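Dear colleague,

I am passing on to you the structure shown below. Kindly look through it first, and then read the notes that follow.

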Amino acid sequence: MGAKNRIKALLDQRSITRYRFWKDTGLSRETAYRLCDDPSYFPTGDVIEKICRADNWQPGDFIIYEPDA
């Protein structure tokens with residue numbers, strides 16, 4: 001599997017909508033929604049920076065590594 005994002009799980013835990021995530025981060029709508037909908041979508045460095053700044057998260061909060069079975 002490799003690296004994946006946990007954006008959706010974190011947003012659900014904090015009762016944050018995809019829309020609010022999009023607006024708070026300043027990401028493009030397409031990127032923000034894709035991060036929420038597709039855990040295999042891995043964010044770039046600039047995207048990681050915007051997420052961390054907006055939500056006060058660390059990359060390890062929303063990026064995980066799952067080795068192949």
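**Cysteines**

The structure holds zero disulfides, a disulfide being a pair of cysteine sulfur atoms within 2.5 Å. The sulfur of Cys36 lies 15 Å from the closest cysteine sulfur, that of Cys52, which is too far for a bond. Cys36 is buried, with a relative accessible area of 5%, and Cys52 also counts as buried, at 17% relative accessibility. Here buried means under 20% relative accessible area, exposed means over 50%, and partly exposed is in between (1.4 Å probe, protein chains only).

**How the model was read**

Please note that this is a predicted model, in which local features need pLDDT of at least 70 and side-chain atom pairs count only at pLDDT 80 or more, while totals for chains, interfaces and linings use all residues. Residues are numbered from 1 along each chain as its sequence is written, and side-chain values use heavy atoms, with hydrogens and water left out.

Helices (H or I, at least four residues) and strands (E, at least two) are DSSP runs, numbered from the N terminus. Helix H4 covers residues 45-55, and its buried residues are Val47, Ile48, Ile51, Cys52 and Asp55. Seen down the axis of H4, these buried residues fall within an arc of 135°, so they line one face of the helix. The arc is that of the directions from the helix axis to the C-beta atoms. On the face of H4 turned away from its buried side are the exposed residues Gly45, Asp46 and Arg53.

What do the buried residues of H4 pack against? Their partners are helix H1 (7-13), helix H2 (18-25), helix H3 (29-37), helix H5 (59-62) and strand S2 (63-66). Contact means heavy atoms within 4.5 Å. Just after H4, Asn56 takes a positive phi of about 55°.

In H2, the buried residues are Phe21, Trp22 and Thr25. They cover an arc of only 100° around the axis, which puts them on the same side of H2. The buried residues of H2 pack against H1, H3 and H4. Just after H2, Gly26 has a positive phi of about 75°.

**Salt bridges**

How many salt bridges does a search of the whole structure find? The search finds six, where a salt bridge is a side-chain nitrogen of Lys or Arg within 4 Å of a carboxyl oxygen of Asp or Glu. Three of them are described here.

- Lys4 and Glu66 meet through their side chains at 3.7 Å, N to O. Lys4 lies in strand S1 (residues 2-5) and Glu66 in strand S2, so the pair ties together parts that are 62 residues apart in sequence. Glu66 is partly exposed, with a relative accessible area of 30%.
- Asp37 forms a salt bridge with Arg18, and their closest N and O atoms are 2.6 Å apart. Because Asp37 lies in helix H3 and Arg18 in helix H2, this pair ties together parts that are 19 residues apart in sequence. Arg18 is partly exposed, with a relative accessible area of 32%.
- Glu49 forms a salt bridge with Arg53, with the closest N and O atoms 2.7 Å apart. The two residues are four apart in helix H4 and are therefore separated by about one helical turn. Glu49 counts as partly exposed, at 40% relative accessibility, whereas Arg53 counts as exposed, at 68%.

**Nonpolar core and aromatic rings**

A nonpolar core is a set of buried Ala, Val, Leu, Ile, Met, Phe, Trp, Tyr and Cys residues joined through side-chain atoms within 4.5 Å. The largest one has 18 residues, of which Ile7, Phe21, Leu27, Leu35, Ile51, Trp57 and Phe62 touch the most other members. The elements that give two or more residues to this core are H1, H2, H3 and H4.

A search of the whole structure finds three aromatic pairs. Rings of Phe, Tyr and Trp (its six-membered ring) pair if their centres lie within 6.5 Å; planes under 30 degrees apart count as stacked, over 60 as edge-to-face and the rest as tilted. Trp22 and Tyr33 form an edge-to-face pair, 6.1 Å centre to centre with 85° between the planes. This pair links distant parts of the chain, with Trp22 in helix H2 and Tyr33 in helix H3, 11 residues apart. Trp57 and Phe62 form a tilted pair, 6.0 Å centre to centre with 45° between the planes. Both Trp57 and Phe62 are buried. Ring pairs also link Tyr19, Trp22 and Tyr33 into a cluster.

Yours sincerely
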